[in-house]
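I opened the notebook to look up how two chains meet, and then one residue in its surroundings. The entries follow in the order of looking.

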Protein chains: 2
Amino acid sequence: MTETESTGTPTDTCAGPPQGNRRPDGADKYTISEVAALTGLTAHTLRWYERIGLMPHIDRSHTGQRRYSNRDLDWLALVGKLRLTGMPVADMVRYAELVRAGDHTYTERFELLKRTREDVLARIAELQGTLAVLDRKIDFYADAGLALASERTR
Amino acid sequence: MTETESTGTPTDTCAGPPQGNRRPDGADKYTISEVAALTGLTAHTLRWYERIGLMPHIDRSHTGQRRYSNRDLDWLALVGKLRLTGMPVADMVRYAELVRAGDHTYTERFELLKRTREDVLARIAELQGTLAVLDRKIDFYADAGLALASERTR
DNA sequence: CGCTTGCTTGGAGTGCACTCCAGGGATCTA
DNA sequence: TAGATCCCTGGAGTGCACTCCAAGCAAGCG
């Protein structure tokens with residue numbers, strides 16, 4: 001219920017997604033439960049993301065606890081967006097691997113993003129088709145409901 | 001090797017209403033594999049839909065084989081649309097129950113459809129937000145790729 | 001000092017939506 | 001009459017994306 005995924009201003013350059021109550025860079029050390037609150041994911045899921053290779057290496061405190069940075073939050077915001085598109089986690093892991101592999105994977109990342117973009121466009125089109133069907137059915141039920149109501153109450 | 005189930009349609013995954021190759025009403029008797037071909041679902045899935053109560057009672061031939069009608073195809077088309085919205089199968093079963101229950105469930109069906117419509121609108125908005133992020137990233141990678149290319153080949 | 005809270009781990013469990021299997025029956029073609 | 005092909009059933013298995021568990025460590029508090 002603490003979904004702090006606001007629709008922020010799209011003014012950032014590359015990966016600057018919307019995120020509210022952050023600490024300034026340099027003082028950006030978040031515990032796992034803070035990140036959970038900020039992202040809406042559970043701590044379980046955050047650890048699981050790390051295990052499957054979807055996260056970069058997360059900083060640790062001197063006692064071994066995770067300390068997330070603003071950069072990690074940026075990455076999680078992107079992951080959240082990709083998740084909304086229905087992209088399989090395995091594909092996101094693939095993208096994460098490309099990022100870790102270095103600059104020579106730019107082209108491949110580019111292709112992956114373009115393919116994803118096409119998928120999103122297709123999904124939007126699908127949903128708009130569904131919306132049309134839904135609207136037709138809703139009109140039908142509105143008429144039927146009206147007919148029933150007038151027949152029964154007046 | 002009893003059933004050639006998952007042959008499916010190799011390319012046509014648009015899930016649009018393929019109402020072209022239907023038989024006229026009155027001569028509308030389709031076997032399960034014909035329906036599978038028409039809908040893109042597998043015969044397994046069609047039987048499973050029936051088992052969980054997502055389908056009305058399907059006609060049977062004198063030997064007990066399923067014979068689908070145009071009406072069944074209509075229902076499957078709606079189910080396909082609802083599936084695209086991400087609606088859980090359990091909710092679709094609920095809708096199917098309401099339809100079976102009779103005319104006095106009109107209002108409830110109406111509410112369900114309206115809620116679904118809102119969900120679809122929200123989903124489209126989400127996807128458009130994701131599209132914006134994706135486009136920003138794609139622009140970034142296009143520039144980076146260009147820089148790399150000009151550095152190397154020109 | 002003990003208690004509570006929050007974090008750690010590997011591994012096991014959950015829910016959804018299929019997906020497949022074994023074993024058998026009916027129909028068609030050669 | 002044989003073989004191929006389609007279909008039937010209940011139940012078991014699969015893959016994905018989490019979700020939870022048990023056992024234990026570390027810090028803060030009265």
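I began with charges across the interface and found a count of 2 salt bridges between chain A and chain B, a salt bridge being a side-chain nitrogen of Lys or Arg within 4 Å of a carboxyl oxygen of Asp or Glu. I looked up R117(A) and D135(B), whose side chains meet in a salt bridge at 2.4 Å, N to O.

I noted that this is a predicted model, where local features need pLDDT of at least 70 and side-chain atom pairs pLDDT 80 or more, while totals for chains, interfaces and linings use all residues. Residues are numbered from 1 along each chain as its sequence is written, chains are lettered from A in the order in which they are written, and side-chain values use heavy atoms, without hydrogens and water.

I then asked which elements of chain A give two or more residues to the side that touches chain B. They are helix 3 (70-84) and helix 5, helices being DSSP runs of H or I of at least four residues, numbered from the N terminus. Helix 5 gives the largest share, 28 residues.

I looked up the extent: 41 residues of chain A contact 36 of chain B, contact meaning heavy atoms within 4.5 Å.

Last, I turned to R109(A), in helix 5 (residues 106-153) of chain A. R109(A) is buried (under 20% relative accessible area, 1.4 Å probe, protein chains only). I found no salt bridge for R109(A); the nearest side chain of opposite charge, D103(A), is 4.8 Å away. Leaving out residues up to four places away in sequence, R109(A) touches residues including D103(A), Y95(A) and Y141(B).

Key. Buried < 20%, exposed > 50% of the residue type's maximum accessible area, 1.4 Å probe, protein only. Lys, Arg positive; Asp, Glu negative; His and termini not counted.
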